[in-house]
Amino acid sequence: MILAILVFNNHGKPRLPEEIQQQIVRETFHLVLKRDDNICNFLESGSLIGGSDYKLIYRHYATLYFVFCVDSSESELGILDLIQVFVETLDKCFENVCELDLIFHMDKVHFILQEVVMGGMVLETNMNEIVAQMEAQNRLEKSEGGLSAAPARAVSAVKNINLPEIPRNINIGDLNIKVPNLSQFV
Amino acid sequence: MPAPIRLRELIRTIRTARTQAEEREMIQKECAAIRSSFREEDNTYRCRNVAKLLYMHMLGYPAHFGQLECLKLIASQKFTDKRIGYLGAMLLLDERQDVHLLMTNCIKNDLNHSTQYVQGLALCTLGCMGSSEMCRDLAGEVEKLLKTSNSYLRKKAALCAVHVIRKVPELMEMFLPATKNLLNEKNHGVLHTSVVLLTEMCERSPDMLAHFRKLVPQLVRILKNLIMSGYSPEHDVSGISDPFLQVRILRLLRILGRNDDDSSEAMNDILAQVATNTETSKNVGNAILYETVLTIMDIKSESGLRVLAINILGRFLLNNDKNIRYVALTSLLKTVQTDHNAVQRHRSTIVDCLKDLDVSIKRRAMELSFALVNGNNIRGMMKELLYFLDSCEPEFKADCASGIFLAAEKYAPSKRWHIDTIMRVLTTAGSYVRDDAVPNLIQLITNSVEMHAYTVQRLYKAILGDYSQQPLVQVAAWCIGEYGDLLVSGQCEEEEPIQVCLVTLG
């Protein structure tokens, strides 16, 4: 069972020590960052999350670390492949994903993750399937106006514009332009 | 009141903050704006506000005042609202808040929604954070969805069922009829989650386990198809067809075959096939092999298969990839009790791993080395282990020293060797030995009467050079006190009688 999934970069800005959750993130960050690149990707967390049954399995991509905290019922090598699938899916959904994409669209990252892992268990590993489902849901969202509810606002804004009176005839010397009768913008 | 800023704007603004205090100020300002917007019951911007709240929650700031808003979003008709609402519920709520029970009715309605994605959202939320009460109320709906033909929903329902069973084990019976056709699915997503569901049920109840044993032939068939099928672009990962499903099936076979001769018999062939035909050049192949090895070791397999498995592990040990070496050492540790001789064949490779740079591998190698020590190899192994004790990191020294003492006690070829070994440990890692090492050693010395002279000579020489290691000094002091006469009288044939100078320990 997958207990936690963490993503952080090299700088891992320390955050307010509000809850245990933040503490776990900080400790994990320190443990993983100490690791060299040529040693294995498995860490026993021991004291970290109360119980020596848990392991941290991580992969390092450019500036980002993807860390999965799992118990003994998951295959370590399998999780490594799962992280790869997840990152490749992010890449497909965001088109050459980079750190900024993850920061500005953390809700989308969550939604993608919801298609991959559910309740601590692996749900779907077929990348094309996940991407197809994400696209369908995004289309559904777009048709409703999206997260910012922007188009709805735009329409109502335009409705309220006071279009000034357009003169019927514009006299510019010899030219006589007849302005067509524009219907009220609906 | 001006429109609340977009999520993107907020993120951009926060990133410009140069100090923690500046960021906190921005967040507080935005929280205040969000709070007043919530108070105004503005439906249009609620999802935008909750999205921002979730971002701030991720950064570590309190966001509990958004919990009720999430519920309002879930109840909305728009997909966008529901999506963010459910996400918010999963992030901000858990069973400890009473508020979460209010979701039950919404989830129930959404489980029967006409749009599959809404149903999917509801299943996801229930499967991630449903409490026992919620699970009890909604188990029936989940069971219905488990029988649907829509594969998107079926796979989610399967995992949701696992969660329900975990929370309320008594409901397991309810899902039994729905499992009848699960393995007939073509869709790999559904197959995968079905195997997870079956695994969970088998692990929890011996009756279920007995019931599902009849599925072994079907599982073997599915696995065979995966291996023989050739290239399938949909499920291909580095040249292997759906390794995740293969690994899951292998794990289920392990549970079904344990302690059962018939089932183990039925899977012998396929296990041998997987073990010999899988490509090992990439991590994927090795993951499957690893799972196969674990399965072979756990069921009642024939001895030829077991030897094959251990040889695979031996090959893993020589692999360049440290991850593979790590899992190999872990597995060998599990099997060393039952298949001791087979593992002994790989002893030299294991001992080489003591010199690896990686801390996790060193630890595994050390534990395995101690497990492999026996009367025949004690001298050679001890040399390696003492060398390891010398050069390893401080965090290992205590465990290594204890291990050496235990091994020496069990298999020492001679008393002299035993004492030499203990002295060596005390001089190299004296400050790391456990407290009971000193009395044990004294006991040992007392009992080996013929060694008294030799021992006291060696101890004296040892502390002459260096008396910083406390246990050594303790033992030496006691010894010299007891057998000091032997020290000066020259009774020991090997050493010259020495002039003892008074050593004042300042």
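How many salt bridges does the structure hold over all chains? The count comes to 30, a salt bridge being a side-chain nitrogen of Lys or Arg within 4 Å of a carboxyl oxygen of Asp or Glu. This is a predicted model, where local features need pLDDT of at least 70, side-chain atom pairs count only at pLDDT 80 or more, and totals for chains, interfaces and linings use all residues. Residues are numbered from 1 along each chain as its sequence is written, chains are lettered from A and ligands numbered from 1 in the order in which they are written, and side-chain values use heavy atoms, with hydrogens and water left out.

Between chain B and chain A there are 4 salt bridges. One of them joins Glu124(A) to Lys155(B), at 2.7 Å from N to O. Here Glu124(A) sits in the loop between strand 6 (121-122) and helix 5 (127-144) of chain A, while Lys155(B) belongs to helix 9 (residues 151-167) of chain B; helices (H or I, at least four residues) and strands (E, at least two) are DSSP runs numbered from the N terminus. Glu115(A) pairs with Lys156(B) in a salt bridge too, and their closest N and O atoms are 3.4 Å apart.

As for the rest of the interface, 70 residues of chain B are in contact (heavy atoms within 4.5 Å) with 59 residues of chain A. About 6,000 Å² is buried between the two chains, 58% of it from carbon and sulfur atoms; buried area is the accessible area (1.4 Å probe) that two parts lose on being put together, summed over both. On the chain B side, Arg83(B), Phe244(B) and Asn323(B) lose the most area to chain A, together 11% of what that side buries.

Within chain B, helix 20 (residues 359-372) and helix 22 (residues 394-411) have axes, lines fitted to C-alpha atoms over the stretch in contact, that come within 10 Å and cross at roughly 10 degrees. The two helices are therefore roughly parallel (angles under 35 degrees, on a scale from 0 to 180 between N-to-C directions). Among the residues making this contact are Met366(B) and Phe370(B) of helix 20 and Phe396(B) and Ile404(B) of helix 22.

Definitions and conventions. Angles under 35 degrees count as roughly parallel, over 145 as roughly antiparallel, 65 to 115 as roughly perpendicular and the rest as oblique.
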